[in-house]
Amino acid sequence: MITLKLKNIEDLKTKTGKKNLLIACGLCPYWNFSKEDIDKLGESLNSGFMKLPMLCNYPEIKVDSDEYDRIFVLACGAGSQVVSDVLDKEIIPVADTTGIGVKSDGKIRNYCSACGDCIIDETSGICPIMRCSKSLLNGPCGGVQDGKCEVGDIDCGWIQIGERMTKSGGKDLFMSVRRPRLIK
Ligand code: SF4
Ligand code: SF4
């Protein structure tokens, strides 16, 4: 799913008008946040609320947008643009899109940034761009301790890559040099 981070609610409150509407995509936001948190967001923004099926499918949006001073959107950057396109109106996104992620042990982790040049065939199926905090392409930095990254509480992506390569006999792949890449 697409991973999202809510923007600062106090900043958003300063953007409200007299009559507000919050449009939420029914897919990724409900995977990132609880229904209760989304309901609270609408209340904090003093907004009417509309949940739509996947915004990335360009659904019909039955809203008279002229009735509202502000239209807030809870969706990824693409879904927010769809609302703006369909309504032909400016919108205010309430979340930032942070990547493509997985949920395990109740935690969301970003696994892919849609870099446009996938190299995980060279890194044992583990993305060094997202699962190494420094996006290093050629092995671990000196900050790894007991398999943990020095930046935040995550397992070092490069230790995981090395372990998987060792299991599959891919030592040569570990030692090969990956050139810096242009990210789209
Ligand atoms: S290298 Fe990483 S960020 Fe790029 S497409 Fe592959 S998984 Fe996604
Ligand atoms: S400790 Fe590992 S995951 Fe963290 S920045 Fe260094 S190489 Fe990357």
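Colleague: In what order do the four strands of the open sheet with parallel pairing stand?

Modeller: Please bear in mind that this is a predicted model. In general, strands of a sheet pair through backbone hydrogen bonds, either parallel or antiparallel. The edge strands here are S3 (47–52) and S5 (92–93), each of which pairs on one side only. The order of this open, parallel sheet is S3-S2-S4-S5.

Colleague: Which strands does helix H4 touch, and what angle does its direction make with that of S4?

Modeller: Helix H4 comprises residues 77–87 and packs on the sheet. The strands that H4 touches are S2, S4 and S5. The direction of H4 makes with that of S4 an angle of about 145 degrees.

Colleague: At what angle does helix H3 run to S2?

Modeller: Helix H3 is formed by residues 35–44. H3 lies across S2 (20–25), S3 and S4. Its angle to S2 is about 160 degrees.

Colleague: Which strands are at the edges of the open sheet of three strands?

Modeller: The three strands are arranged in the order S1-S6-S7, with antiparallel pairing. An edge strand pairs on one side only, which is the case for S1 (2–6) and S7 (107–112). The edge strands are thus S1 and S7.

Colleague: Which residue in S7 is the bridge partner of Lys 103?

Modeller: Strand S6 spans residues 95–104. Five bridges join S6 to S7, and these strands run antiparallel. The bridge partner of Lys 103 in S7 is Ile 108.

Colleague: How many Å separate the centres of the two domains?

Modeller: The domain assignment gives domain 1 as 2–98 and domain 2 as 113–175. The centres are taken over C-alpha atoms. The separation between the centres of domain 1 and domain 2 is 35 Å.

Colleague: How many charged residues does the shell around ligand 2 have?

Modeller: Ligand 2 is surrounded by 14 residues, and the closest are Cys 132, Pro 140, Cys 141, Cys 149 and Cys 156. By class, nine residues of this shell are nonpolar and three are polar. The number of charged residues is two.

Colleague: How many charged residues are in the shell around ligand 1?

Modeller: The residues surrounding ligand 1 include Cys 112, Cys 115, Cys 118 and Cys 127. Nine residues of the shell are nonpolar and one is polar. As for charged residues, the shell around ligand 1 has none.

Key: Residues numbered from 1 in each chain as written. Chains lettered and ligands numbered in written order. Predicted model: local features only at pLDDT ≥ 70, side-chain atom pairs only at ≥ 80, totals over all residues. Near = placed C-beta within 6 Å. Nonpolar A, V, L, I, M, F, W, Y, C, P; charged D, E, K, R; others polar. Domains from an automatic or database assignment. Pairing = 2+ DSSP bridges. Helix = DSSP H or I, 4+ residues; strand = E, 2+ residues; numbered from the N terminus. Contact = placed C-beta atoms within 7 Å. Axes fitted to C-alpha atoms, helices over the stretch in contact; angles between N-to-C directions.
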